[in-house]
Every structure is written in structure tokens, then in C-alpha cells.
Amino acid sequence: MKIGVISDTHLPGADQDFPKKLIEELKNVDLIIHAGDHCELRFLNKLKSIAEVKTVAGNRDSYQLQQKLKDKITFETAGRKISVIHGHQFRGRNILQGLNYSFGDSDIIVFGHTHRPFNEKVSDKLFFNPGSPTDKRLEKNYTFGIIEIDEEIKAEIKILKEES
């Protein structure tokens, strides 16, 4: 199972559309996870035209999206339990502690909000934030993630555009 992971696209504010390279990469996945802050429904629908999408509402999503989407979801795929939340619900340095408390029995916890890529296994769980492919804020690069589930879980932050 190959999963494309994105968050904090903030479209059409940060950019006018998804980067072409991102769309090409997402055409090669079985599932897309978006960890919130799409901002407008039309961009979620564009992702749904590429692959199945599992997603949550972010704090900057339109009222329409916030009414349509849940704040957090948990589902199983390829024999693994995956939880997704935007992350604005947690404050301060202990975000991992909050995530672990909320989703203690998950194998993979996907979150966004910070626009900072994060890919780390803590104990037996993968905590994964793909950063943002369209709104890098203070980060050096525009990023997204790929998670592959076979017998093991392999996760990678991929750079879309490097700043010089």
C-alpha cells in the first residue's frame, strides 16, 4: 500500500493550485491522506479525482468543509491502524504527548498545522507531518510525504521545490 500524505495546502491562498509535480506523484499512490487546511471544497474534490482520500478539517478550512469533515479520523488499511488530525487542537511542545494520548493504539499518526515536516518513530508508532506543498512558511522547502506499508512501515518526506 502506497499512501501520499499532504497537509496545509491553504488553496487558493498560499498558491493558486496544487503543484504539477505533486499531482504527478499522487497519481502513483493507492490512497491520499490530507491532514487538513485544504481551505476550499473544490481542491478536496480535485484530490478525490486522483485516488481515494482520507481527510480531516483544519482550523483554516471553509465553513462548508468544517461542516462536512470530522476533526479526527481513525481507519485501518493494509493491516495497520492510522489516525489523522490537523493538530491545532494541541498547544506547546508536547504535541507528541497529546497525539499519543489521543491515538495510543494507532500504528501511524498523521498530523499537520505546523507546516514543519516531521517523520519519527517513537516506541512502536510513526508520527508523521508532511509539511506543506504550497505554503512552507519558515521552512526551507515545499514538502509532502509518502508512506509505504508492507511488512514494515516506510515513511519519507519528499521535497517538491528547493529554495535557493
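This section describes the overall fold, the salt bridges and a charged surface patch of the protein.

The model is predicted; local features require pLDDT of at least 70, side-chain atom pairs count only at pLDDT 80 or more, and totals for chains, interfaces and linings use all residues. Residues are numbered from 1 along each chain as its sequence is written, and side-chain values use heavy atoms, with hydrogens and water left out.

The protein contains four helices and 10 strands. Both are DSSP runs numbered from the N terminus, with helices (H or I) of at least four residues and strands (E) of at least two. Along the sequence, the elements follow the order β-α-β-α-β-α-β-β-α-β-β-β-β-β. Along the principal axes, the C-alpha atoms fill a box of roughly 40 × 35 × 30 Å. Of the 164 residues, 49% count as buried. Buried denotes under 20% relative accessible area, exposed over 50%, and partly exposed the range in between (1.4 Å probe, protein chains only).

Side chains of opposite charge can pair when their charged atoms come close. Eight salt bridges were counted, each defined as a side-chain nitrogen of Lys or Arg within 4 Å of a carboxyl oxygen of Asp or Glu. Lys54 pairs with Glu52 at 3.6 Å, N to O. Lys54 is partly exposed, at 26% relative accessibility. Glu52 is also partly exposed, at 47%. Lys125 and Asp124 form another bridge, with their closest N and O atoms 3.4 Å apart. Here Lys125 is buried at 9% relative accessibility, whereas Asp124 is exposed at 60%. A further bridge joins Asp135 to Arg137, the closest N and O atoms being 3.6 Å apart. Asp135 is buried at 18%; Arg137 is partly exposed at 47%.

A surface patch of negative charge gathers Glu148, Asp150, Glu151, Glu152 and Glu156. Patch residues have over 30% relative accessible area and no salt bridge; like charges are joined within 9 Å, and nonpolar side chains (Val, Leu, Ile, Met, Phe, Trp, Tyr) within 5 Å. Asp and Glu count as negative, Lys and Arg as positive; His and the chain ends are not counted. Each charge is placed at NZ of Lys, CZ of Arg, CG of Asp or CD of Glu. Asp150 lies in the loop between β9 (141–149) and β10 (153–162). Asp150 is exposed, with a relative accessible area of 54%.

How values were computed:
Areas by Shrake-Rupley, 256 points an atom, 1.4 Å probe, with all protein chains shown as cover.
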